Amino acid sequence: MAPLRVAVVGTCASGKTSVVAALREYGLDAYAVAQEHSAIAGLWRHLEPDRLVYLDNRLETIQRRRHDDSWPEWIYQLQLKRLHDARAQADVVVTTDELEIDEIVRRILAELGSGGEDGSCGLRHRSDGCSR
């Protein structure tokens with residue numbers, strides 16, 4: 001059985017790269033989509049993902065994570081506009097402002113799968129010797 005293909009979208013500094021790396025460690029075919037930089041509303045559909053994850057955060061969080069209090073609100077608003085379709089279609093939406101990567105991933109895994117008792121949806125970290 002092929003691994004679940006998961007597209008991850010979100011604003012700048014929402015955690016896409018880190019989340020994708022962690023999801024891959026659980027055997028998912030995860031990849032980030034730079035939807036926030038594209039005027040093509042359905043760019044995230046290009047690789048035909050099985051599921052879409054949207055990582056949400058506030059402007060203040062982006063500024064904090066980028067160590068740039070002057071990072072412009074107009075760019076943030078433009079990114080939200082470009083991400084509108086993806087957010088509406090997302091299977092999972094996680095607000096990442098106050099969460100560490102492991103908690104974000106735990107929430108995604110719980111939402112993607114059957115919601116096993118441990119919240120892992122039946123997936124195990126690759127270091128455990130298997131991915132399902």
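Here is a quick tour of this structure, from the overall fold down to a few single residues. Keep in mind that you're looking at a predicted model. The chain has four helices and four strands, and along the sequence they come in the pattern β-α-β-β-α-α-β-α. Of the 132 residues in the chain, 42% are buried. Contacts across the sequence matter for the picture too: among contacts with a separation of 6 or more, 69% link residues 24 or more positions apart.

**The sheet**

- The four strands make an open sheet, and the order across it is β2-β1-β3-β4, with parallel pairing.
- At the edges sit β2 (29–32) and β4, each of which pairs on one side only.
- On average, neighbouring strands in this sheet are turned by 20 degrees against each other, ignoring direction.
- β1 and β3 are parallel and share five bridges; if you want one to look up, Val 6 has Arg 51 as its bridge partner in β3.
- β1 also runs parallel to β2, and four bridges join the two. One to find here is Val 8, whose bridge partner in β2 is Ala 32.
- β1 is mostly covered, with five of its six residues buried.
- As background, strands of a sheet pair through backbone hydrogen bonds, either parallel or antiparallel.

**A closer look at α1**

- The residues Lys 16, Val 19, Val 20, Ala 22 and Leu 23 of α1 are buried.
- Look down the axis of α1 and its buried residues fall within an arc of 165 degrees, so they line one face of the helix.
- A bit of helix geometry to go with that: an α-helix has 3.6 residues a turn, so residues three or four places apart point the same way.
- What do the buried residues of α1 pack against? Their partners are β1, β2, β3 and α4.
- After α1 comes Gly 27, which has a positive phi, near 85 degrees.

**The nonpolar cores**

- The largest nonpolar core holds 19 residues, and Val 6, Leu 23, Leu 55 and Ile 108 have the most contacts inside it.
- Five elements each give at least two residues to this core: β1 (5–10), α1 (16–25), β3 (51–56), β4 (92–95) and α4 (101–112).
- The largest share comes from α4, which supplies five residues.

**Asp 56, a charged residue name to look up in β3**

- Asp 56 is in strand β3.
- Is Asp 56 buried or exposed? Its relative accessible area is 14%, so Asp 56 counts as buried, the cut-off being under 20%.
- The side chain of Asp 56 makes a polar contact of 2.9 Å with the side chain of Arg 87.
- Not counting residues up to four places away in sequence, Asp 56 touches Arg 87, Val 94, Thr 95, Thr 96 and Asp 97.

**Asp 85 and Arg 45**

- Asp 85 is in helix α3, while Arg 45 is in the loop between β2 and β3.
- Skipping residues up to four places away in sequence, Asp 85 touches Ala 41, Gly 42, Trp 44 and Arg 45.
- The side chains of Asp 85 and Trp 44 are joined by a polar contact of 3.2 Å.
- Asp 85 and Leu 43 are 42 residues apart along the chain, with their C-alpha atoms separated by 9.9 Å.
- Arg 45 has 39% relative accessibility and so counts as partly exposed.
- Arg 45 and Val 33 are twelve residues apart in sequence, and 9.4 Å lies between their C-alpha atoms.

Methods. Residues numbered from 1 in each chain as written. Predicted model: local features only at pLDDT ≥ 70, side-chain atom pairs only at ≥ 80, totals over all residues. Heavy atoms only, no water. Core = buried A, V, L, I, M, F, W, Y, C linked by side-chain atoms within 4.5 Å. Buried < 20%, exposed > 50% of the residue type's maximum accessible area, 1.4 Å probe, protein only. Pairing = 2+ DSSP bridges. Axes fitted to C-alpha atoms, helices over the stretch in contact; angles between N-to-C directions. Polar contact = N/O pair within 3.5 Å; in protein donor to acceptor, adjacent residues only side chain to side chain. Contact = heavy atoms within 4.5 Å. Arc of directions from axis to C-beta.
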